[in-house]
Structures are given as C-alpha cells and as structure tokens.
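Hi there,

Here is the structure I promised to pass on to you. Please open it alongside this message, and my notes follow below.

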Amino acid sequence: MRGTRIKTRKRNIAAPLDPAAFADAVVQIYLDNVGDLELIAKNIESSDLNFSRYGDTFFEVVFTGGRTQPGTIKPDEGERHAYSIIVCEAKREAILPSVIYIQKILRRRPFLIKNLENVMQRLLQSLELFEENERKKLAIFTALAFSQKLSGLPPETVFQPLVKDNLVAKGLVLSFITDFFKEYLLDNSLEDLISILKRGKMEDNLLDFFPSAKRSAEGFSEHFTKAGLVPLVEYNEKKIFEVKLKEMKSALTAQIAEDSDISETIESVKQRVKEAKLPDIEVVRILWDVIMDAVQWSGKNQQQNANSALRQVKTWAKLLNSFCTSGKLELELMYKVQMQCYEDAKLMKLFPEIVRSLYDQDVLAEDTILHWFSKGINPKGRQTFVKALEPFVNWLEEAEEEED
C-alpha cells in the first residue's frame, strides 16, 4: 500500500444558523435611519449581511418590524422597529414607499423574490391572526405591489394561499380581496385586474373567495355592487352569460348531430332558456349557428352545398319557428342569415333561396322580408343581397296585389 493516495471526501462546513442576530442587525439599520427607507436601502446595500441565507427573516422584519415565531406571525424575541408595513397607516401614501423600497432591494438581489413569496404566503395564510386594519394594510400593499409590477411576484403566490376553508368561511378572504380589488383598480383597468386573476388561476373561480352561504351569482353581484365595483359585477355577469350560451350551444349541437326528435329538442331548448334566462335574440342566433354548423358541406360542388343547406333549413324549420315569435326576432334571423351568407363564400349565392325556404316553412313572415328589403340596416353585402332577393320580393308584392 506504500505510496497509495487515499481520497477523502470534502465536506461543506455549514456556518451556524443565527437568524436572530441577522434580524437584530436589520432592525438596527431601521432604527439608525429613523425609518427613512432610502437611507435604509443604501445601508442594507453596503452591509455584509447574509441575505441569501436569511431572506425570509429580512422580509419578516420589513412586514412586521422584527422576527416572528416559526409558523406564526407572533413576535419572537429580539429587537423590533416601528416602521413596518403592519404598523404604518392603512393608506396607499403610507404603504407605497415600502413597495418602492422592496423593489430597489429586489433589483440588487433578485434571488430574494422567493423569500418575499414565502413570507407573503405565510402572512396571507394567517389572516385571522391580524386585526382588521392590519389585513387592510396587507391588501393595499399587495395591490400596490402588482400596480408597481414588483419584480417577478407571481399572482398565484397571493391568490392560492387565500383559498383556505377556515379563512373563507369567516369572510376574511372576501374582505381582503375586496380591499385588494378596490385599491388595484384605482391605478389600473379592469382588463389589467382580469389578467392578474388569469395568471393567478382565479379568473374562473372568483366565487371561491366567498363563504358558502354567499357563494352564488346573486351574492357576487350584491357584494361587489355594494363595494362600488360595478365594472367587476358586469364583467362577471357577462362571463356567466357566455358560459350559459356555450352550454346551450353544445347541448343543441349534440341533439342535432344525433337527429333527435324535433319536439323533444324544442322542449329541451325552452327549458334551458328558462333556467339560464337567455334573451330571445341570443337564442335565435344560436339556433341558426348550430343548424348551419351541422350541414355536411361538399367541397366545391355548389349545387350539392345548396341542396344540403336548404335541406337542413327545412328539417329544423319547426325549431326556428318555435323561437322566432315576433317580427323583431324574425328580422334578427334575417340579419343572421345575411351575415353568414356575406362571410361564407359557399353561401353567398344562396341568400334568396334560404329566405324563400324560411318563408315557405312559415319561419319568416312576408312583412319581415319586405321590411328587411326596404329598411334593413346591416350594410354587409346588402346591395348584392337586395338585388338577388328582388325577384322574390316582386313576387310577394304581386301576390299581395292579386289578393287585394
């Protein structure tokens, strides 16, 4: 074994963990500079404190004024300062400087964003341990952090920890999120807020912020209307409306594809319309879209396409007739036919034949067709369609004169 070199494994010798000494040093910088955040930022920048190891502790000092006990927000032993986010006034003017201060720190030490996430998650999961005024300060800070586009702070960091059953049940989350929305919308558009909610995976789950007793579309509208957030209420109502339309369209598509009994289909649509409180005009539009989407088109064979479209109209005319119950709705159907024929080259020359078929099946009344012909307001392809429909209109007028 002589001369043999024995390899030894190198060991990383860990420095002793001492978050208490680190926290005391940061607190002392706050005290020495009497809460002047610009001076504090400069002193922190020039210090040799180990932020990579004690990042969480640093943000505990920023938010609460000192260290907190593990797993809680209760103050731990050690020095504290009176310039924290939790201690200042619950006003944006008082909290904004802290957001800007943190932004400066993160630009110098971007790795600290993960520590900020950790501490914010812990604070938000502990909302019940804060006073109401303190929760409001956290909401204002969070809103300003997103308004100022605080370096890399992901929205899911904020929203996901909030959806805890006990916090939601007590109404704490709804109160927090309401303050957050109100503050954020002072500087930003509703579209900006929706974008944040999307990134936080909460856009479709806003009711999760509500206690179960208030978790309804009506509860949503009532709460946020009272909070002065009418644009958010309107957005949510529109979203619900679009979902209901989509559901009805999907169900109707399946029924038409399966060639269901037309009477059963009519009853099914009526039931859905009643439950979803859908406007008649939207129903007529959906019916036409679904009926025409189900047509089996045949490449470039124009005559075959025409036959397929007209056969589909005839097959489902009774369905259309059940919902085109007024001149206004019949006119809406004509505009819908006009737009589809204008946008789809396959249908461009079929407009007069489709209108004639709808007339023959008693879906469109003569008065509706004549009104569209003389006073129609949709300009898309109108001149072409009016000219194409003219022979049929002349026939209608001559038939009327003969009857007179």
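Below are some notes on salt bridges, a pair of helices and a surface patch.

First, the ground rules. This is a predicted model, so local features need pLDDT of at least 70 and side-chain atom pairs count only at pLDDT 80 or more, while totals for chains, interfaces and linings use all residues. Residues are numbered from 1 along each chain as its sequence is written, and side-chain values use heavy atoms, with hydrogens and water left out.

Let's begin with charge. Side chains of opposite charge can pair when their charged atoms come close. I call a pair a salt bridge when a side-chain nitrogen of Lys or Arg is within 4 Å of a carboxyl oxygen of Asp or Glu. By this rule the count comes to 14 salt bridges.

One of them joins Glu45 to Arg109, with the closest N and O atoms 3.6 Å apart. Glu45 sits in helix H2, and Arg109 in the loop between helix H4 (92–108) and helix H5 (113–124), so the pair ties together parts that are 64 residues apart in sequence. (Helices are DSSP runs of H or I, at least four residues, numbered from the N terminus.) Glu45 is partly exposed at 34% relative accessibility, whereas Arg109 is buried at 13%; buried means under 20% relative accessible area, exposed over 50% and partly exposed in between, using a 1.4 Å probe and protein chains only.

Asp360 also forms a salt bridge, with Arg356, at 3.4 Å between the closest N and O atoms. These two residues are four apart in helix H18 (residues 351–360), which means about one helical turn separates them. Both Asp360, at 44%, and Arg356, at 32%, are partly exposed. Elsewhere, salt bridges that share partners join Arg92, Glu183 and Asp187 into one network.

Now for the helix pair. Helix H9 (residues 172–187) packs against helix H10 (residues 190–199) at an angle of about 130 degrees, with the axes 9 Å apart. Axes are lines fitted to C-alpha atoms over the stretch in contact, and angles run from 0 to 180 degrees between N-to-C directions. H9 and H10 are therefore oblique to each other, as angles under 35 degrees count as roughly parallel, over 145 as roughly antiparallel, 65 to 115 as roughly perpendicular and the rest as oblique.

Finally, the loop between helix H1 (19–32) and helix H2 (37–46) holds Val34, which is exposed at 58% relative accessible area.

Happy browsing!
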